[in-house]
Amino acid sequence: MVKKPKPDLRVEIGSCILENPVMVASGTFGYAEEFKGFMDLRKLGAIVTKTITVKPRSGNLPPRTCETPSGMLNSVGLENPGIGSFIKEKIPFLEDLSIPIIVSIASEDKPDEFLVLAELLDRIKAVSAIELNISCPNIKKDRLISQDASETFNLVKAVRGITGKCLITKLSPNVTSVPEIALAAQEAGSEAVALVNTFIGMSIDIHKRASRINSLVGGLSGPAIRPLAVRMVWEVYNKIKVPIIGMGGIMDIESAIEFVLAGATAVSTGTANFIDPAISLGIVSGLRKHMEDNNIADLREIRGKLKICAD
Amino acid sequence: MTATQVKVKIISNRKIKNNCWRLELDSGAIARSASPGQFLEIKVCDEGLPLLRRPISIHGVNGSRVQLIYEVVGSGTRVLSGRRKGEFLDIIGPLGKGFEYGRKPVGKSVLVAGGMGVAPLLFLARRLKPAKPLVLIGAGSKEQLLCLQEFKAFGCRMAIATDDGSAGFKGKVTEMLDRLLREMPDAGRPGNIYACGPQPMLKAVAKICRGHNISSQLSLERHMACGFGACLGCVVSTKSGYKRVCKEGPVFKGEELVW
């Protein structure tokens with residue numbers, strides 16, 4: 001009998017090499033410290049931090065979260081200590097982990113803030129990549145950057161001009177065509193796209209006749225959005241060349257592989273981190289076992305290789 | 001002890017009164033390290049809904065047993081009430097910052113409980129036992145009063161208030177607290193007031209304590225997504241900005257909170 005090759009879990013996201021394809025989504029993993037008691041953080045493929053802005057942000061009024069059928073709504077509103085405190089207080093811990101650290105950034109008022117942030121992060125060795133959060137539904141704006149292809153192109157292009165770090169663009173599902181925005185990001189020099197951010201949703205308490213979260217609308221995440229997210233990953237996979245980081249309700253090994261079959265190079269756990277803080281490492285070992293059991297040496301063999309269901 | 005995620009065996013899960021249940025879990029590690037005011041995040045079912053854990057405060061510990069009481073108010077607690085003896089529950093805990101109390105408390109301690117607010121305060125009463133705290137318990141009616149015998153067993157002095165007057169003082173437990181403090185001689189004034197109950201009650205306790213210049217410690221309840229400081233969903237407004245109920249709380253100084 002031929003000995004099965006040991007599966008190689010490594011994947012490349014632009015210039016970043018991940019030991020395995022399991023990451024954690026921005027905003028669901030704090031700055032990683034919150035999870036150190038539950039798991040060996042060094043075994044993660046990569047960590048994406050909570051989004052950082054130039055100035056500290058106190059975030060939205062509570063209540064900020066509520067559970068919905070198979071999901072949750074949140075309207076945290078990018079609460080964060082600001083880039084200065086982040087670099088001073090959070091980077092040292094992240095640096096010690098010696099795994100790819102991806103810093104998520106966003107602007108509050110002007111897109112130029114992305115440039116300020118990218119320039120500061122460009123100087124930090126521990127930062128492997130920058131994720132452009134142009135898709136947060138919880139900041140007061142008429143329209144998100146990621147809801148317009150030319151704005152997306154201009155922003156990514158501008159950031160590309162000032163940093164050599166790997167650039168990832170986080171896309172919104174709240175658009176008519178995600179591939180159109182993904183293409184704009186790719187053309188402007190984004191080395192990968194992350195999709196999807198949360199879906200804008202509402203939940204109402206009929207007894208109080210009031211919204212369950214203070215901001216009225218919030219971002220929906222969890223298994224409830226998974227089929228929508230898988231569909232969007234598939235659509236984007238068929239249109240672009242750069243790697244996709246797929247996410248949306250990944251709770252277990254099966255749902256992680258679903259995203260790979262739809263075309264994702266890496267996957268991120270999100271809401272699941274709140275319920276089962278070490279779930280991402282469970283997915284890493286489950287993935288290795290699935291590859292061994294199915295004689296898969298490299299995930300490339302199954303990436304985007306979904307078949308049409310036939311009777 | 002830092003919080004850990006563990007599977008623990010259910011020793012018992014029984015209805016005690018109305019919609020209130022008592023759950024007893026077998027976990028020596030949690031029983032040893034838990035302090036009053038801390039809570040557990042419980043995955044009420046291994047698969048299916050609800051999705052998120054439910055935070056429930058620790059009611060007491062006895063040897064390796066951890067006791068909780070909860071009211072069935074929604075889908076999470078309903079599913080929890082269906083779990084049986086011998087089954088295992090996935091829990092994270094102990095979580096949060098509990099009540100602060102010295103080994104030898106300065107002045108008397110007064111505990112103010114409204115409804116299910118007795119849950120963490122009984123645990124605190126046990127730890128304060130040598131100091132024989134005064135416990136004020138409020139509920140809608142006599143029928144809804146909880147844990148009277150348990151507090152008595154710890155040697156606590158008790159005063160009861162019911163909205164309908166079916167037991168004790170007729171009115172809110174906070175009115176009773178205010179009267180009590182007014183009538184108290186300066187020398188007998190309590191050093192600490194600990195409270196847990198519905199939001200309006202806690203707000204009233206904070207106001208009364210401010211009026212009498214006494215420090216209060218209030219245990220808050222909020223919906224949480226994670227319970228361990230990551231999601232920033234359960235924040236409460238304080239004089240130094242938003243604080244997480246799950247991490248910097250659930251117990252806060254009354255004078256720190258912004259209502």
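**Exercise 1. Work out how helices α6(A) and α8(A) cross and what lines their contact.**

α6(A) crosses α8(A) in a right-handed manner; that is, the near helix is turned clockwise from the far one by less than a right angle. The model is predicted: local features need pLDDT of at least 70, side-chain atom pairs count only at pLDDT 80 or more, and totals for chains, interfaces and linings use all residues. Residues are numbered from 1 along each chain as its sequence is written, chains are lettered from A in the order in which they are written, and side-chain values use heavy atoms, without hydrogens and water.

Step 1. Locate the pair. α6 covers residues 253-262 of chain A and α8 residues 279-293 of chain A. Helices are DSSP runs (H or I, at least four residues).

Step 2. Take the geometry. The angle is about 65 degrees and the axes lie 9 Å apart. Axes are lines fitted to C-alpha atoms over the stretch in contact, with angles from 0 to 180 degrees between N-to-C directions.

Step 3. Classify. The two helices are therefore roughly perpendicular (65 to 115 degrees).

Step 4. List the contact (heavy atoms within 4.5 Å). α6(A) gives Ile253(A), Ala256(A) and Ile257(A); α8(A) gives Ile283(A), Gly286(A), Leu287(A) and His290(A). Five are nonpolar, two polar and none charged.

**Exercise 2. Find the salt bridge between chains A and B.**

Step 1. Count. The rule finds one across the interface (a side-chain nitrogen of Lys or Arg within 4 Å of a carboxyl oxygen of Asp or Glu).

Step 2. Name the partners. Arg54(B) pairs with Glu67(A), the closest N and O atoms being 2.9 Å apart.

Note on methods: Parallel < 35°, antiparallel > 145°, perpendicular 65-115°, else oblique. Nonpolar A, V, L, I, M, F, W, Y, C, P; charged D, E, K, R; others polar.
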